[in-house]
Amino acid sequence: MPTSHPPAARVLPASPPPVVKQIRALMRRLREAPTLLRRLCLATLAANIVIVVTGGAVRLTSSGLGCPTWPRCTEGHYVATAENGLHGYIEFGNRMLTFALVAIVAATFLTAWLRRPRRRSIVLLAAAQVAGIPGQAVMGGVTVLTHLNPWAVAAHFLFSMLLIFGAYALYHRSGETDARPAPIVPAAMRWLLRGIVLFTVAVITLGTVVTGSGPHSGDRGAKRTGFDPGVVSQLHADVVFVLIGLSLGAWFALRAMRAPARLRTAVSVMIAVQLGQGIIGFTQYTTHLPIALVGAHLFGASILWAVTVAVLFRSRTREPAAA
């Protein structure tokens, strides 16, 4: 008589470690949160502006060479030491803020990648922000290794403006679909708005030349451009007057043609920031460039660029993205 054997015990699959469960839960949360991506895109824009302001603070406190080499702070240390003094800690602190930007940008890219359906345009714009971080680090290293050469400092600042442009594009595109864009104003008005953007670029670029010719070099031994500060400041002011005139003309034209309110509001905000920048710039010039006003003017330049880019993007429309 055959011997009966008990059925073999069923082997249950091993439970994943707690860390794996937490990672999966985090990825699911990133994928399913309806407003998280847009908030992260806005945080990316804000972080890029904050980095510009803190970099300006380094320069205005003459801490540009507080860490005299790169990527180390000194030849023997990656971090600031007491030998570097307060300037070393300020410069090193600004470098450390890059890691906060890395965390925000990485979270934005990961969320854009995990979202379903995945939007190629958003992923590419987020990837551009990721690629901009090492680019920004290299540009910062060049400014240190060239002992704050004013042209290297200007290029570093303008590269930040490029990243702000990309960050605003990412934020704006996250709130609309990938439908084909449709203009909401005539071609002549679109060209005028593009001209305003170009003049804004000229104003910001000339602003870097003014700064590179003035007293705030970031270090007492840093070179200057050699231009007469008064001459370049006057040229800068002249272009600002043209920019404000074009912007006011655009505002009246948009009002006359009854353009959509969102575009007229964007132009109104842009003009307000332009006028605020003009007042700060005139005041700082007549009061011999106090640090607080120069810092406010630097912050205003970043905001001016962001709101100008907003005007450009609001001159056309797409279907809004579903929440």
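**Helix packing and buried sites in the predicted chain**

Of the contacts in the chain between residues at least 6 apart in sequence, 76% join residues at least 24 apart; contact means heavy atoms within 4.5 Å. The model is predicted, so local features need pLDDT of at least 70 and side-chain atom pairs count only at pLDDT 80 or more, while totals for chains, interfaces and linings use all residues. Residues are numbered from 1 along each chain as its sequence is written, and side-chain values use heavy atoms, leaving out hydrogens and water.

The chain holds 9 helices and 2 strands. These are DSSP runs numbered from the N terminus, with helices (H or I) of at least four residues and strands (E) of at least two. Their order along the sequence is α-α-α-α-α-β-α-α-α-α-β. Of the 323 residues, 41% are buried. Buried means under 20% relative accessible area, exposed over 50% and partly exposed in between, with a 1.4 Å probe and protein chains only.

Helix H5 covers residues 150–173. Its 24 residues should span 34 Å at 1.5 Å a residue, the expected span being 1.5 Å times one less than the number of residues. The end C-alpha atoms of H5 lie 35 Å apart, which agrees. At the start of H5, a side-chain oxygen of Asn 149 comes within 2.9 Å of the backbone nitrogen of Trp 151.

Leu 170 belongs to H5. This residue is buried, at 1% relative accessible area. Beyond neighbours within four places in sequence, Leu 170 contacts Cys 41, Thr 108, Ile 122, Leu 125, Ala 126 and Gln 129. The C-alpha atoms of Leu 170 and Leu 42 are 8.5 Å apart, although 128 residues separate the two along the chain.

H5 also packs against helix H6 (residues 187–213). The angle is about 150 degrees and the axes are 10 Å apart. Axes are lines fitted to C-alpha atoms, for helices over the stretch in contact, and angles run from 0 to 180 degrees between N-to-C directions. H5 and H6 are therefore roughly antiparallel; angles over 145 degrees count as such, under 35 as roughly parallel, 65 to 115 as roughly perpendicular and the rest as oblique. On the H5 side, Pro 150, Trp 151, Ala 154, Phe 157, Leu 158 and Met 161 take part. They meet Ile 204, Thr 205, Thr 208, Val 209 and Gly 212 of H6.

His 297 has 17% relative accessibility and counts as buried. Not counting residues up to four places away in sequence, His 297 touches His 236, Gln 277, Ile 280, Gly 281 and Gln 284.

Key: A polar contact is a pair of N or O atoms within 3.5 Å; within protein, one must be able to donate a hydrogen and the other to accept it, and residues adjacent in sequence count only if both atoms are side-chain atoms.
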